[in-house]
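Biologist: I have the sequence and the coordinates open. May we go through the model together, beginning with the helices?

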Amino acid sequence: MTLAQVAERTGMDRAVARRLLLTLVELGFARLHERRFELTTRVLRLAYSFLSSAGFGASLQPFLDQLARSIGETVSLAVLDEAEVVFVARSDIPGRRLSYVVTTGMRLPAFSSASGRVLLAYKPRVEVERLLARTRIVRHTRHTVMLKREILSLIVESKVKGYCINYEELEDGLVSVSVPVFNRAGLVVATLNASTSSARANREKLAGEFVSKLKGMAGELSSMLP
């Protein structure tokens, strides 16, 4: 982005934006090329520091691998960033392919995903309503819930049930289920998610076997988080 674009997007004075951008360049987190500022791969160090400090480091990977083998499907860990969820860790089963591949760093709309609805369920209602009011809901499939009052209802239901199922709202044939992950202070810091094909798992299997195993593992992860 150009300096003018950064200033406009952030609402900062151009002089302030310029000083901040040049500081990022000096630190190696950004570079300037033909009047445009670009991020460098060094920003990944910031991401790694965050994931490590939050307890989402490599130490969790064996647990995700174990859960993926137990369920026989892809599992992932996600955190909330405003109106999006960010996947910070994952584990696959060889040969179990999905057309919609979850990758580390991938973002999904919080209001239309199972992980997002679970994470939003533990936010203050007024905060969720304010965020929803300024979020544009995009239709991904014929199953995508578009009415905001219905989305709010699903978010509330996620907290009551302790899990959320997303059935083909993001892509035809793709289903997923998420449960909250609490830290030792009792705060929800992430979700544990399993994704599969609607041909391999119906709602009953997701709400039964999948939720049971996800909650069991979420409990183990909670004891490891600060």
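Biologist: Which residues of helix 5 meet helix 7, and which do they meet there?

Modeller: Arg 117, Val 118, Leu 120 and Ala 121 in helix 5 meet Leu 154, Ile 155, Ser 158 and Lys 159 in helix 7. Contact means heavy atoms within 4.5 Å, and helices (H or I, at least four residues) and strands (E, at least two) are DSSP runs numbered from the N terminus. The residues of this contact divide into five nonpolar, one polar and two charged. Here Ala, Val, Leu, Ile, Met, Phe, Trp, Tyr, Cys and Pro count as nonpolar, Asp, Glu, Lys and Arg as charged, and the others, Gly among them, as polar. Please note that this is a predicted model, in which local features need pLDDT of at least 70 and side-chain atom pairs count only at pLDDT 80 or more, while totals for chains, interfaces and linings use all residues. Residues are numbered from 1 along each chain as its sequence is written, and side-chain values use heavy atoms, with hydrogens and water left out.

Biologist: At what angle do helix 5 and helix 7 pack?

Modeller: The angle is about 75°, and the axes are 8 Å apart. Axes are lines fitted to C-alpha atoms, for helices over the stretch in contact, and angles run from 0 to 180 degrees between N-to-C directions. Helix 5 and helix 7 are therefore roughly perpendicular to each other, a term that covers 65 to 115 degrees.

Biologist: Is Arg 117 buried or exposed?

Modeller: Arg 117 counts as buried because its relative accessibility is 1%. Buried means under 20% relative accessible area, exposed over 50%, and partly exposed in between (1.4 Å probe, protein chains only).

Biologist: What is Arg 117 in contact with, beyond its sequence neighbours?

Modeller: Leaving aside residues within four places in sequence, its contacts include Phe 111, Val 145, Cys 164, Asn 166 and Glu 169. Glu 169 is found in the loop between strand 6 (164-167) and strand 7 (174-182). Glu 169 also counts as buried, at 6% relative accessibility. Beyond four places in sequence, Glu 169 touches several residues, among them Arg 117, His 140 and His 143.

Biologist: How do helix 6 and helix 7 cross?

Modeller: Their axes come within 11 Å and cross at roughly 145°. The residues of that contact divide into six nonpolar, no polar and three charged. Among them are Arg 125 and Leu 132 in helix 6, and Lys 148 and Val 156 in helix 7.

Biologist: Turning to the sheet, in what order do the strands lie?

Modeller: Six strands form an open sheet in the order 5-4-3-8-7-6, with antiparallel pairing. Two strands pair if DSSP finds at least two bridges between them. Strand 5 and strand 6 stand at the edges, each with a single partner strand, so one side of each has no neighbour in the sheet. The twist averages 30° from one strand to the next.

Biologist: How many bridges join strand 3 and strand 4?

Modeller: Seven bridges, in the antiparallel sense. The two strands form a hairpin with two residues between them, and Glu 82 in the turn has a positive phi of about 60°. Six of the eight residues of strand 4 are buried, so that strand is largely enclosed by the rest of the structure.

Biologist: What lies across strand 4?

Modeller: Helix 4 (residues 61-71) lies across strand 3, strand 4 and strand 8, running at about 80° to strand 4.

Definitions and conventions. Angles under 35 degrees count as roughly parallel, over 145 as roughly antiparallel, 65 to 115 as roughly perpendicular and the rest as oblique.
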